[in-house]
There are 2 protein chains.
Amino acid sequence: MAVSSAFSAASVIRSDVDRELSSFCASHRGHLLEVGEELAPAMDSLEAMVSGGKRLRPTFAHWGWRGAGGAAGDERMVRAAASLEFLQACALIHDDVIDNSDTRRGQPATHKRMAELHADRGWNGGSEEFGRGAAILIGDLCLAWSDEMYQASGFAPETLREGRAPFDAMRTEVMAGQYLDTLEQVRGTASREAALRVMRYKTAKYTVERPLHLGAALAGRHEELAGVYTAYGIPLGIAFQLRDDVLGVFGDPSTTGKPAGDDLREGKRTLVVAETLARSGPADAERFRNLLGAPDLAVDSVEWMCGLIESSGALAACESMISEYTGQALDALESPELDEAARGPLGELVVAATRRSH
Amino acid sequence: MAVSSAFSAASVIRSDVDRELSSFCASHRGHLLEVGEELAPAMDSLEAMVSGGKRLRPTFAHWGWRGAGGAAGDERMVRAAASLEFLQACALIHDDVIDNSDTRRGQPATHKRMAELHADRGWNGGSEEFGRGAAILIGDLCLAWSDEMYQASGFAPETLREGRAPFDAMRTEVMAGQYLDTLEQVRGTASREAALRVMRYKTAKYTVERPLHLGAALAGRHEELAGVYTAYGIPLGIAFQLRDDVLGVFGDPSTTGKPAGDDLREGKRTLVVAETLARSGPADAERFRNLLGAPDLAVDSVEWMCGLIESSGALAACESMISEYTGQALDALESPELDEAARGPLGELVVAATRRSH
């Protein structure tokens, strides 16, 4: 999901989040190395994953808190928000194992890094198997630490308890959404409904709605703001994901970090794909379906597919959905329940995340 | 690890733990199926893993609580103890993926179950890859739910906070221990020190010491009892694991659930193996090392290996260590800090877990 790094509503807590994650990692590196010094490369891989990224979930948790009247610069909130990055690190590390992806944010994926370590040292057995096993465990550690960091954020235990409902729901939903995504790939469904459901759970609830709910709950105003944040978060999350999917087909590799057509090569069952199949004649649809996910997809095939996405009207339909969902998200910000401090930044986030280029 | 099911100190909370896990799963099945009905088979696989096992960690957590003066029959403690079973389910599901093991407790491993589902339905792509991906996500769900169940056990938030130190340490240590175990396999170390370190983290701290600490912390007496429980738990855990390792080589398949020689076929770097290598001449050691981990290990090779384990004196050395560690664990129970209610059961657990047959 693409949010410009120069963007103020997103960058306002980024350096604080980075600092808290570094400090947590430093203390936990000590605990790990006490168990065994050989854990250092695993900890290095973990930190490499945790130190990158756009901090979207912490950003929404932060503005969820501010929109519910929470004070600016509260260190407890920074830590609770930062804890979501460990969950995200787990999700990415495990996703890359599941999808057998080689890279993440332009760097080798965790299982690749660990496989390289195995190969460099000349250890026994398969490097790929070792890398995969190590990445599973590093992801598990991230998941456990997410929760540990949340509970140790410094909020009173009763306050933390208020936040558990969104915190817990977020974890169940992202894993369920990821499972459904995997399922759609192997079933080859490619229906609009299936694509929308995955977007709803894997992106809209996980990235936007639940972090906002968490911020509101920690500020003690979940009940008043849950509806507003849902009305803002679900359409925004879907618009976000749609923009990402369009960029994954047409986007500039220098800004999205992946080559154009990459999503087509990976065979992702996005809404862009579902719209294209639903709007094309049987022969075109069949050819598109057969090309989708072919690992050696030729440049001219990618071009033909991009052409069909446009000529079928799928691209225009997706752009129109992005506009509509964007409008819904902005409308939700009119709610009088929302603290004035957050209205502008939450609006900025809508614009930044859904515009055509970055 | 082998503890007889007829055993009273272990069985005292087993049915309570089963009931709480069932009830948690029932309510969470609802949440999952709301996301998508296709999640039912994943939930079935999850419950199959959670419904089995000896409940060792809840048992030690329970007696840790009773030994610290906690009341019998406290439902909050049952739930907090039961939450450890979700962590254990995650560890087993992910271990089976990492080791590519086909079975668990005589049933198909989770990734195998999910691969069978894929094959039965005739979905696209590889069944093995799907099974592995699904099992990673199901394990993640178990890990998230472990923490969710702990926090929702019903103890006051301040009390739960007291328990977080052992709860958190347990999770980091088991993952670190599992990583070191994987590392020892690929490095082919097979030193006594390496084997003992893995036993310390993967079994002694994870299965015995930290659950006892958790019980004591929830009873508000962690400071007074931590030392006693460490003095009891570490040697007991190592004796447990040693007994398990001996049974993994010589044991009766009907009671251990795996064929004799299975650990030799898997190439596990146990202390039994380390002792054998350290006590054998270079030619025997080399032959043993070469046979260890061969997947098609012939029956007569297993017999030769078992013979060397005995003739080298490794078996006797391990039996003598079991006795010594057992004695240390029993000695620790003399502490006046320990509540009388737990002394007998904790002693029974030592005897049941370290005796020669079951």
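Helices here are DSSP runs of at least four residues, numbered from the N terminus. By that rule, Arg132(B) lies in helix H7 of chain B, which spans residues 127–151. The model is a predicted one.

Start at Arg132(B). Is it buried or exposed? Its relative accessible area is 16%. Buried means under 20%, so Arg132(B) is buried. Leaving aside residues up to four places away in sequence, Arg132(B) touches Val97(B) and His111(B) within chain B. Arg132(B) also touches Arg132(A).

His94(B) is the next stop. This histidine sits in helix H5 of chain B. His94(B) is buried, with a relative accessible area of 1%. Which residues does His94(B) touch, apart from those up to four places away in sequence? From chain A come His94(A), Ile136(A) and Asp140(A). From chain B come Ala135(B), Ile136(B), Gly139(B) and Asp140(B). With Asp140(A) there is also a polar contact, side chain to side chain, at 2.7 Å.

Two packed helices are described by the angle between their axes and the distance between the axes. H5(B) covers residues 75–99, and H8(B) covers residues 157–187. Their axes come within 12 Å and cross at roughly 15°. That angle makes H5(B) roughly parallel to H8(B). The crossing is right-handed. On the H5(B) side, the residues that meet H8(B) are Ser83(B), Leu84(B), Leu87(B), Asp95(B) and Ile98(B). On the H8(B) side they are Phe167(B), Met170(B), Arg171(B), Met175(B), Gln178(B) and Thr182(B). Sorted by class, this contact has six nonpolar, three polar and two charged residues.

Now step past the end of H5. Asn100(B) lies in the loop between H5 and strand E1 (103–104) of chain B. Its phi is positive, about 50°, although Asn100(B) is not a glycine. Relative accessibility is 46% for Asn100(B), so this residue counts as partly exposed. At 40% relative accessibility, Arg105(B) counts as partly exposed.

Return to H8, this time with its partner H9. How do H8(B) and H9(B) pack? The angle is about 170°, and the axes are 8 Å apart. An angle over 145 degrees counts as roughly antiparallel, and so H8(B) and H9(B) are roughly antiparallel to each other. The residues of this contact divide into 15 nonpolar, five polar and nine charged.

H9 also packs against H10. H9(B) spans residues 192–218, and H10(B) spans residues 222–250. The angle between them is about 140°, with axes 7 Å apart. H9(B) is therefore oblique to H10(B). H9(B) passes H10(B) in a right-handed crossing. By class, their contact has 15 nonpolar, seven polar and four charged residues.

Ser312(B) is found in the loop between helix H15 (299–311) and helix H16 (314–332) of chain B. Ser312(B) is buried, with a relative accessible area of 13%. Its side chain reaches the backbone oxygen of Leu308(B) at 2.7 Å. Beyond residues up to four places away in sequence, Ser312(B) touches Thr276(B), Arg279(B) and Ser280(B). Ser312(B) and Ala231(B) are 81 residues apart in sequence and 31 Å apart in space, C-alpha to C-alpha.

Cys318(B) has its place in helix H16 of chain B. Where does its relative accessible area put Cys318(B), buried or exposed? The value is 1%, so Cys318(B) is buried. Not counting residues up to four places away in sequence, Cys318(B) touches Leu242(B), Val246(B), Val272(B) and Glu275(B). From Cys318(B) to Ala332(B) is 14 residues in sequence and 21 Å in space, taken from C-alpha to C-alpha.

Notes:
Residues are numbered from 1 along each chain as its sequence is written. Chains are lettered from A and ligands numbered from 1 in the order in which they are written. This is a predicted model: local features need pLDDT of at least 70, side-chain atom pairs count only at pLDDT 80 or more; totals for chains, interfaces and linings use all residues. Side-chain values use heavy atoms; hydrogens and water are left out. Axes are lines fitted to C-alpha atoms, for helices over the stretch in contact, and angles run from 0 to 180 degrees between N-to-C directions. Helices (H or I, at least four residues) and strands (E, at least two) are DSSP runs, numbered from the N terminus. Angles under 35 degrees count as roughly parallel, over 145 as roughly antiparallel, 65 to 115 as roughly perpendicular and the rest as oblique. A crossing is left-handed if the near helix is turned anticlockwise from the far one by less than a right angle, and right-handed if clockwise. Ala, Val, Leu, Ile, Met, Phe, Trp, Tyr, Cys and Pro count as nonpolar, Asp, Glu, Lys and Arg as charged, and the others, Gly among them, as polar. Buried means under 20% relative accessible area, exposed over 50%, partly exposed in between (1.4 Å probe, protein chains only). Contact means heavy atoms within 4.5 Å. A polar contact is a pair of N or O atoms within 3.5 Å; within protein, one must be able to donate a hydrogen and the other to accept it, and residues adjacent in sequence count only if both atoms are side-chain atoms.
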